Structure formats: structure tokens, C-alpha cells
4 protein chains.
Amino acid sequence: MIRASIVGASGYAGGELLRILLDHPQVQVAQATSRAHLGEYVYQVHPNLRKRTQLKFSDPAALEPVEALFLALPHGQAQHNIEAYAALAGKIVDLSADFRLRDPEAYRQWYGQPHAAPNWLSKFVYGLPELHRRELAAADYVSGVGCNATAANLALLPLVQADLIAVGSPVIVEIKVGSAESGADGNPGSHHPERANVIRTFSAFGHRHTAEVIQELGLRDVTLTMTSVDLVRGVLATAHAIVKPGVALKDLWQAYRPLAAENPFLRVVREQRGIYRVPEPKILAGSNYADLGFDLDESSGHVVSMCAIDNLMKGAAGTAVQCLNLMLGLDEMTGLGFAGLHPI
Amino acid sequence: MIRASIVGASGYAGGELLRILLDHPQVQVAQATSRAHLGEYVYQVHPNLRKRTQLKFSDPAALEPVEALFLALPHGQAQHNIEAYAALAGKIVDLSADFRLRDPEAYRQWYGQPHAAPNWLSKFVYGLPELHRRELAAADYVSGVGCNATAANLALLPLVQADLIAVGSPVIVEIKVGSAESGADGNPGSHHPERANVIRTFSAFGHRHTAEVIQELGLRDVTLTMTSVDLVRGVLATAHAIVKPGVALKDLWQAYRPLAAENPFLRVVREQRGIYRVPEPKILAGSNYADLGFDLDESSGHVVSMCAIDNLMKGAAGTAVQCLNLMLGLDEMTGLGFAGLHPI
Amino acid sequence: MIRASIVGASGYAGGELLRILLDHPQVQVAQATSRAHLGEYVYQVHPNLRKRTQLKFSDPAALEPVEALFLALPHGQAQHNIEAYAALAGKIVDLSADFRLRDPEAYRQWYGQPHAAPNWLSKFVYGLPELHRRELAAADYVSGVGCNATAANLALLPLVQADLIAVGSPVIVEIKVGSAESGADGNPGSHHPERANVIRTFSAFGHRHTAEVIQELGLRDVTLTMTSVDLVRGVLATAHAIVKPGVALKDLWQAYRPLAAENPFLRVVREQRGIYRVPEPKILAGSNYADLGFDLDESSGHVVSMCAIDNLMKGAAGTAVQCLNLMLGLDEMTGLGFAGLHPI
Amino acid sequence: MIRASIVGASGYAGGELLRILLDHPQVQVAQATSRAHLGEYVYQVHPNLRKRTQLKFSDPAALEPVEALFLALPHGQAQHNIEAYAALAGKIVDLSADFRLRDPEAYRQWYGQPHAAPNWLSKFVYGLPELHRRELAAADYVSGVGCNATAANLALLPLVQADLIAVGSPVIVEIKVGSAESGADGNPGSHHPERANVIRTFSAFGHRHTAEVIQELGLRDVTLTMTSVDLVRGVLATAHAIVKPGVALKDLWQAYRPLAAENPFLRVVREQRGIYRVPEPKILAGSNYADLGFDLDESSGHVVSMCAIDNLMKGAAGTAVQCLNLMLGLDEMTGLGFAGLHPI
């Protein structure tokens, strides 16, 4: 059994990590820290964990050495204490944005201030197993992934890997998101009477996760346009691009199918009948799957590629545990077996 | 044209008053105050009013004399300045809980502190036209109504007026409410990821609006049990009681029908076919109707009486304007003609 | 007073027409037909109309002559009886897709079968006042508008009128829609447990309303991508294009502002503060406004233009009444004064 | 490994059984029948099962012998073929209402027609482990449970077991339910535009599940009042009764606590702080827990007892698998370990 602790466990990603790890057959949760909820039972904040654990939130200042440490702090914090965390644990998975970008200059550009530990950036592997499975098996330090970046990266991965996108084609990724994306702390716009029923394109350009798509896929002209909709968990990315001349629907099948065969959490959804013909985040709540779909207008070469995920699972905590599994040499699906619900 | 101002116009009831009064053929809105949003256009807070008015929120300290004043402040504030407000306007409608109860001792009991202007309580008429239409026509000072109290009072009114409830029968009113009830200021429980999808019985006993049901209907053994559900606007009260021996379904019809005939905003909904057989708040958003329904188990005498309203209209701003109309000698429906939407 | 009848009044657009026209100061509703609900009170199907009218659904075979006729039938029906309808009324507004396209060949291409009354197509004016106000004033026959086409056309109108879109730029319009779009008849996918919480990109290419965008704006390379979200009423179109070299944000302001000034139902929403900074359909339920927003990445020339509407109002019944007002020489806002609700 | 088949596997309870059993360590799914979806992959109907199984729906006429059979047919069907099913499997769990009532006369009264296999009624054990754990361990034939009956029975169980309800006290159970309760087949009232946002008290008296509360708890004067709210999965029962003279809050704690200690799927939720102070179905989606809460007005003796469940889990498929576990001598939690999600 591996002993693991979670720093910043009262947030949504932290709670999801707790849920997964408390049932993980190879991991024992040592500590879950929260400054705001110090001394409370974790089930008082994450009510689904009632009768599952008597663990209480502990003081982040009283962290004990463990084999693996998950950092689930707000962005901008982990970089200031990374040395201390590394002294406590040999394996670290940081879910924040602090160690996702390799280039300190890119960090400064997208996050508006210089990185506090730039020399650590190169020590981290970007934590998306579908892109970095081999490196993760050898890694000690792994970053988390942006949830929107993950939906975009996985939507585009088949097209990029098979080199199907036309040279110079702009890529527009329209991303629709639920309310859990904004985290556990409320804001005026998250007040239920204002947030319910919305279709709110809150960011047309410049979302920070764009940096992760540029870095990981090598795309240059890519835009993430963000729209909030009425859902708690879930992201759907709908990516638009132009394919190379002559690319046909069968070429897309040849790009998507093997990827789903090689990656246990990828599925292709493209049905001719039934209600569920395309990827949908609603059936993914609690699951670690990323569902991919596509369509092509062969006359114009306009391709639409979709990816649906649960932002707290495949977009955060689920992928983080998948990474830990790989780092520990375990089956990457360990502890991530929940199928999702229908209906929901 | 009557000049009217709204104090505390950035909240939800204040916004609804603005919406109604800006289209009211006999009223001109003079000022709308908000300390927090001083100087902003009212449409920046109430986006439905864009292109309807160039009014800006003004300073509550700079209120000018008008003929009618609506007070839409948080509970506990108006009672401290009622003399000053009365110096500014001959007619006052206070939407808060400050002047709803006639008995200072009852106020102290339900609101936990002594009333700051107890001698003013007797000057106010309780602002529910279905109960006090005549007094309202002669009133200068009118209280608002509690939204849940209104749903309960109107659900029970036909039974009480026709004296159908058995002596000693407890009355249980199960009230289901949307999120707009809690006002425009967020709290941890109103954060969308926590508030969406809830069925949350947040108060089993002792809701403050109970005092208004006791006062207005003369009931003694009455309980309001409150449950939040996933809706923004709307309240449904489902009241349970035991009828006097021998009371039959036809007696209920004779109690409900005339009441709906006499009161322009009351409707009886009891259909044998179609989707809408019972009162439903969803179709009442924006309308001032109160829809009543009932059912009786003749073998046991158990009666169920329902009332659906829009808490911001019939439960707050709509009834307040209805009162002003009566105070001014106008048709009580003036400015309150919106039918509600289907579907919604 | 103008006498008007509604054919196919039990559907959602028909119900909305009823709601508007029953309160319209210049129109008297003569008949509302429904084969399925023949003889029922209209309020049994449209429960918001209870106590507003005692009108019953009448037989479409018993239509009487009137001055104006609204046809709210399913697509493909009106074209078979247009001669008969024209014999009954001098003014016709058809809300279906039957008379929207000028070119019979385009109709055949997009709707999959030849038009049954191709010689009538040229007699109809496309019923979007923001594009055809003058022609509508002289028209006897007016088509309705596709709701998604309207959101797309109005999102793109400022860019097209000011000629800001780069030559050869593809236009991608990502449209998010509520469930009322699919009409009053259920289908397996509209069953609440399946339809709730969805983000479902049900059509990547080839939506029929594309034909109306091509025809009305003269665009050639335009795609409508359709995504269902969890909302009843409302459409948001988010349009992507590349602007001509040198176009800056100030040029966009100069394109949008005058359009909103000239058209009473257009508003520009582009705020720097508050919760409502961009167009949102949720606050438009029941209103006839179309809210426009925009953003520009000046470095790449990528423009995003948004339009939010209530699909049953500005996207159907509201615009149809606006057209009738123009046909009758009335103020185009007559009967369409509802501001919409906040919160909702 | 036990071989088990599911008859009627395309409905919601059938899909939930499939989800659970495909991951159950002691059960192998042999067949899943569906007449309507014969030959389709089960994941085409239950999209959460994609990549989990290649099982196809098989013909109910081609059922093979197995050790355990789950019947998930619409009410009224299993009773006609129970002999045939019993010839195929030694253990049967029937989720329909067919074998829940012991008394054929009670069946006739509540279901409106005589039972087709009345001699089989006494062979079945009512499948609620919290009431019949010992009998279930020895049973071959087990009925399912009504979801609303289960919420009511578990809400009232602590009060009944500790004999706290006053003699002659009527019991009113106000039950709020999500849309999945009505099953996988749509109806006009389940069309999303009509079903979204509802608070619809669709049944004031006489719900059939009342019969199960009468039978199992021995209560005589009990009413189930049913209200639909906007949620897919979930039931909350709020039960009202009068306690015996002198019963105090501490007596309630003594009634609830041991019950939760003895039953692995019962939890008491009664917190003084945090957002989740009372039972809430939203956090139970996919879990088999039943969360209990209570409050007492000591002055009047009015007790309110609450039970929240996922109607498809503890109210149907989850409890059915829990029963099978007991029938097979397994730990009753086997295969039912999912914790539920927060937030959701």
C-alpha cells in the first residue's frame, strides 16, 4: 500500500481525489489538508463521504512524509512551496496550473506574472497519459491538466496524430462548461438565480488553457471560446478545423478508432440510431472516460471533432490518479472503474 | 401621473418593482436607490431593463418627496427610518417583514428582537388584497407580504372563509421554493454546484412567515415546512388539514369558485385532462396570479389545498403594486397584466 | 380593431401568438384552430391563458374570413393550402419554413422535396423587420423566420452591413438551443431524464436554417453547428469569422451601435462589470429583444459576434407580430412590450 | 461466480442492474433481454456501458437457465409468467409491483384487478433488507420495492421500531421525486419543455406505494402525497406525525443512531453547520445509501422525519442487488460500493 496525502482537499478536485483514493486498492490516504476546514470531518464538506471515512481535515503546516502527494491548491500557490513538498514525498502530482507549461516565458505571458520556481518546470511531466504515457511511468513530478485544455487536446488529438489538419487552418474550439469548473468558492455570477439557465459566452478569446493546447499539440492558430451552460459537471469541446485536401470520412475513422483502442479511457461515439449518437458529458459524471465524436463536410473539408469529459474526473482528479497509477507501475484504470450513470 | 420611488432597488423585489412600474400607465418612477450600486444604470444590475430606462441608482440619503414610496430593504431596516420615509411620501408600501405583524410581542418572538417602532405597527394594513381590499383602499401605510405566507394564506383561505377545517385539526403546509427566495446576495448554499438539483428540507419548523398565517387566518396549530427545489422563481404550498365531518368535494368547489370569481388574480386549477391539472409555479413566472387547487379524501376527511405563485410577483412586488393600485383608487390589475409564459 | 385567426394554435408558436394577440390593443382574435384539441379551451393546452380568454380551439375546416391569418402549422403543410388561406384573408403571416426561401430549387435542396406552390414563393417577404422593414410595410404575404436563422442573421448583420468580413472568410456559427425549439410534440430524446443536463451537438453541418442565412445575408461559406443545452426557451448564436485587414474594435462599435439605435428590438450588450456583460437568452424569455455582443482579437482578426433571443418570440411569434404591425402601419412594438424577467 | 440474467433490461432499472452486475465480483451477466431493442448492443441504450461490455439485448423467449433471474418488466407482466421464470432459475428478484403485497385482496384494491398468480404471493419476501434481512438470507423469491414506498418506509422505520408515534396520529408523507421515476418511456408530461422547472403535486392521495407502507410498517392512517420536481434521479420523503407524550429529541437520536449502525446503507444526516445539514438526494445519485434526518417540535410533539434515496438504486436496482447478495450469503454491500458524487 502506498501512503498518499492531499493538500487542499476541501475544494472540488480535492474532494474527488478523496472519493477515488479512499476506494483505491493500492493507496492509503494519510492526510487531507484544509486551512479553512481544519478539524472538521471531510464528510462535512464532501457529504458523499459520510460513513466512508472518519478522516478529518488536517493542518497544511503539519504535513507528514508520504510516498505520494497530491497538490490541489488554488493556482499560484504550489510553486512557492515546491521545495518543501518535494522534501516530503518522492512522487508529486500537482493539479493546479503551476507546473503545466514548460516555458517560463509562456507562463508569464498567460498567467501575468513571472513563475516563482522556473527551474522546476522542466522536472514536471504534463499529466495527460494519452500524450505522455511512457514519460509518466518514469516521472516523479507530474502536473495536472486544465479541464478545458483536456477536452480540446483530446478532441484534436486524433486529427493531429494522423496529421489531417490543413496547413494554416485556424482551429476554433467552442467549449461548453458546467458550473463546477469555477471551483468550490462562490462568486456573484455563480449565485443560483443568476447562474441557472444560462448560456453565457464568458470568454471569446484568450482562455489560459489555450497555452496547454499550443504546447501539447504544437498548434499555433487555436482559439478556445468558452460558454457556460446549465450543468454542474461536464465539458463538451466542439473543435472546428479544415482538413487537408482529399481527407474523407474513412480517414477520420482510421484516426479515431486506433486511438480509442490504445487508450482505455477513450471511446468513439458516433451512432446512427438511438438517443446517444454523439459524445455527451451528462453520462460521464464520476467516470474517467473521454468520449470522442466527429463529423466531416467532405465538400468543404470542414471537420468538427468533439470531446466530452467530466471536468472533475478526466479533466482533473481522475487523470491525476491515472497518472499516479502509471508512476507506480499499476494498471492505469485502478480505482477509476466507475462507469457513469444513465439516466442522470 | 403618480410619482413613486423605490428604496433598495438593486435587490430582486426592487428590480421587479422597477420592471412593473416603468410600464405602469399611472406611475412615474422618480428615484431608485441603492447604496451598493450608486451611480450605475439600473439595467447594469437588472439586465432586462436595458433600453427601457436610462435611470441610475441614486443615493438613499438624497431621496426626494414623492407621492408613493416603495421600501424594498432587507428586513430590520425600514423600522428605524419610518418617520423619515413618512415625511417624504404620503403613501408607503414596505415590502420587508418590518410592518407585517400587528403585535409587537409577536414581532419580538418571531424575529428575535424588539421592534424599533412599535407604535407604527397599528398604522399599517397587511398588504394582501384578497384579505384586506377595503382597508387597503383607505390606507396610507401598507406592509408587504411574506412570499411563503402568501402561498400558505391563499391555499388555506377558501377553507377558512367557508369554515371547513375541523376544530382542532393541525394544519401542515409543505412549501417548495425556488432559489430567488433567498434574495440577490449569494451564500455558500446558493453556489450553483451546491444549489442545483437540490431537494433540501431546510426548515422543518418555525419559519418566520408562520406568524403571518397565524395572524391573518386566525389558525393556531399551523406548521410551515420549507423545501428548496431546483427552480429560480416560484413557490408551491401544499396544505394538509382535516375537514369537518360531512364536508364533501362539492363543498370545496363552493368554497374555491366564488373566491376566484371575486378576486381577479385568483384562479382555480383542477383539470381532469391535459398536462396542467394542478397549480404550477413554473407557468406563473412574471405573472401576478395565484393558482389554487384542492383534493379531498372523503373517507378520511383529509383535504389537500395547493397554491402556486411567483414569489417575486404575487409573493412580493406584484402584490405591492396591486396594493398601491387600490390605495390610489385604480383598477387593481393596472400594470400587472402579464399572462406568464408557456412553455418555460 | 383587426380580426385575426391562428391556424395551428396548439403548438408552442401558436400559443405564444395567442398570448401576444389576446393583449394586442389593435387585434381581436377570431379563431384558433387545432385538430388535435378541437373543442377544448385554449387554456387547457396553454395554461398561462386561464382566466384570460374563454376561446376554444376550432376546426381548421371551419375557418372564417378575417383580415389577418397566422399560420403556425408544422413545416410542409401550409404550401398545400395557400390558395385557400389567401381566399380567407388579405394578410397572411406563415410561421413555418414553407415560404422562407425565394428559390424553389433551394427549397428542394434543403427540404428534400419539391415545393408544392413554387409560384407563391416570390409573393412572400422574408419576415425579419431588421432586414426588410420597408417591404414588410407593403406586403400581404410574409414568411416567418427560422429561430436559429434569426440568431445567426442578427449576429452577423452588423458585420455584413458594415462589410467587415474578410473576403473568403468561412463563417462558423455555433448555436446553443433550449428544448422548446423542438416543438410541443415529444420524442424519445426530449424525455426529461434524457434531455435534462445535456450538452448535445446534435448537428454539426447542414441545418436547414443555414439556407436562410445564405439567402438573407448573401454569405456563401457559412456553417450552423447546433448544440442542445438545458434550458427551455432561448438561443445563443456565437459566430466566428475573420475581419478585413485593419478592422479594429472601434469599427465594430460603429457597426453595432447604429443598428441598435435604428431597430427598437436590437440591443448591444458589452459591459465591463456586473454579471451580465454579454448577451444571454435567459433574461429574454417572453421578450422580443435580440441582444448583440462582440469581441475581436485584433492581432488575428478573429471576430466573435453573439446574438441571444427567445426562440418563440424574436425567433417566431414575436417577430411574426412585429411583421403584422408593420403590415398594418402600426408601431412595430405594439403588443410586444414585455421586458423579460430578472432573475429567471 | 453466479450466472444471472436480467429480463426487461432496456428500462432504467434494468440498465442500473446491468451497470452494477457487470462490475459485481461474484456475478456474471448471462443475458439481458429486451423485445424492443433485440439485437442491439446494450450500450446503445445505456450509453454509460460503452466499452464496458459487448453484450447485446437478447430475446425474452430465448432465456436460458441461470442461477439468478432479475425481472425488471413493467408492472403486471411477471405474474403471468412466474411459473416459467421459476423453471429457469432458483433465485428470482422481481423489481415490479407484482409480488410486493402479501394479500391478494390488497393487490386487487390498489392495482385495480385480481392478481394472476395469487398463490405465489406468499412465496415472496418483500425485498427491503432493513426490514427482512434474515428472511432474505433464506429466500428464493424476493420482490423489489417501490421507490417511494422505500423512502417512506425508511423515513418512518426509526419511529415505528422505537414505537414513538402517538396512537391514532395520522402520518403524512410528502414525497418529492425526480423524472426518472416515471420510467424510460416518455409521455406528454415528460416532454422536457413541460417537465423542466416543475413543482407539480400530481397525486394528493392514493398512490399505490401506500400499500407497501401499510403492509410493512403496520400503519393504518398514512398518506403519500407526490410532487414532481426538477431533478432526474432522487426521492426525498418528508414524513409528518405526532409522537407520544414526553418524547424528546434525545429519544429520536436513540431511535435513529442504532438503526444506522446496524444497517450499512443507512446514514443519519443532522448537522449544525455546513451546506449539507439534512438528507439530500442529489448527492446520492448512483449510490445505495438512504440518508435519514429528523426534527421535533417538542412543544407540539410534531415530528418530521426525512429519507433521501436514489430511486433507481436504493429504490430499485441497488436494493435488488443487496437482496441477491443476502440470498447468496455474500456481504450485502458487494458491488454496491459507489460513494456518490459531490458536487453534482
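**Exercise 1. Helix 5 and helix 10 of chain C**

Task: In this predicted model, find the handedness of the crossing of helix 5 of chain C and helix 10 of chain C, and say how the two helices are oriented to each other.

Solution: 
1. The crossing of helix 5 of chain C and helix 10 of chain C is right-handed.
2. Helix 5 covers residues 129-137 and helix 10 covers residues 313-327 of chain C; their axes come within 9 Å and cross at roughly 30 degrees.
3. Angles under 35 degrees count as roughly parallel, and helix 5 and helix 10 of chain C are therefore roughly parallel to each other.
4. On the helix 5 side of chain C, the contact uses C:Pro129, C:Glu130, C:Arg133, C:Leu136 and C:Ala137. They meet C:Lys314, C:Thr319, C:Gln322, C:Cys323, C:Leu326 and C:Met327 of helix 10 of chain C.
5. Sorted by class, this contact of helix 5 with helix 10 of chain C has six nonpolar, two polar and three charged residues.

**Exercise 2. Helix 6 and helix 9 of chain B**

Task: At what angle do helix 6 and helix 9 of chain B pack, and which residues make the contact?

Solution: 
1. Helix 6 (residues 147-161) and helix 9 (residues 249-262) of chain B pack at about 120 degrees, and their axes are 9 Å apart.
2. Roughly perpendicular ends at 115 degrees and roughly antiparallel begins over 145, so helix 6 and helix 9 of chain B are oblique to each other.
3. Their crossing is right-handed.
4. Helix 6 of chain B contributes B:Ala155, B:Leu157, B:Pro158, B:Leu159 and B:Gln161, while helix 9 of chain B contributes B:Leu252, B:Ala255, B:Tyr256 and B:Leu259.
5. The contact of helix 6 with helix 9 of chain B holds eight nonpolar residues, one polar residue and no charged ones.

**Exercise 3. The domains of chain A**

Solution: 
1. The domain assignment gives domain 1 (2-123) and domain 2 (147-309) in chain A.
2. The C-alpha centres of these domains of chain A lie 27 Å apart.
3. Nine residues of domain 1 are in contact with 14 residues of domain 2 of chain A.

**Exercise 4. Relations between chains**

Solution: 
1. Chain C is laid on chain D by a turn of 180 degrees and a shift of 0.0 Å along the axis, with an RMSD of 0.0 Å.
2. These two copies are thus related as by a two-fold rotation axis.
3. Of the interface residues of chain C, 100% are also interface residues in chain D, so the copies meet through the same surface.
4. Chain A can be laid on chain C by a turn of 180 degrees, with an RMSD of 0.0 Å. In chain A, the C-alpha of A:Asp230 is nearest that axis, 2.9 Å from it.

Notes:
Residues are numbered from 1 along each chain as its sequence is written. Chains are lettered from A and ligands numbered from 1 in the order in which they are written. This is a predicted model: local features need pLDDT of at least 70, side-chain atom pairs count only at pLDDT 80 or more; totals for chains, interfaces and linings use all residues. Side-chain values use heavy atoms; hydrogens and water are left out. Copies are superposed by least squares on the C-alpha atoms of residues with pLDDT of at least 70 in both. Contact means heavy atoms within 4.5 Å. Axes are lines fitted to C-alpha atoms, for helices over the stretch in contact, and angles run from 0 to 180 degrees between N-to-C directions. Helices (H or I, at least four residues) and strands (E, at least two) are DSSP runs, numbered from the N terminus. Angles under 35 degrees count as roughly parallel, over 145 as roughly antiparallel, 65 to 115 as roughly perpendicular and the rest as oblique. A crossing is left-handed if the near helix is turned anticlockwise from the far one by less than a right angle, and right-handed if clockwise. Ala, Val, Leu, Ile, Met, Phe, Trp, Tyr, Cys and Pro count as nonpolar, Asp, Glu, Lys and Arg as charged, and the others, Gly among them, as polar. Domain bounds come from an automatic or database domain assignment.
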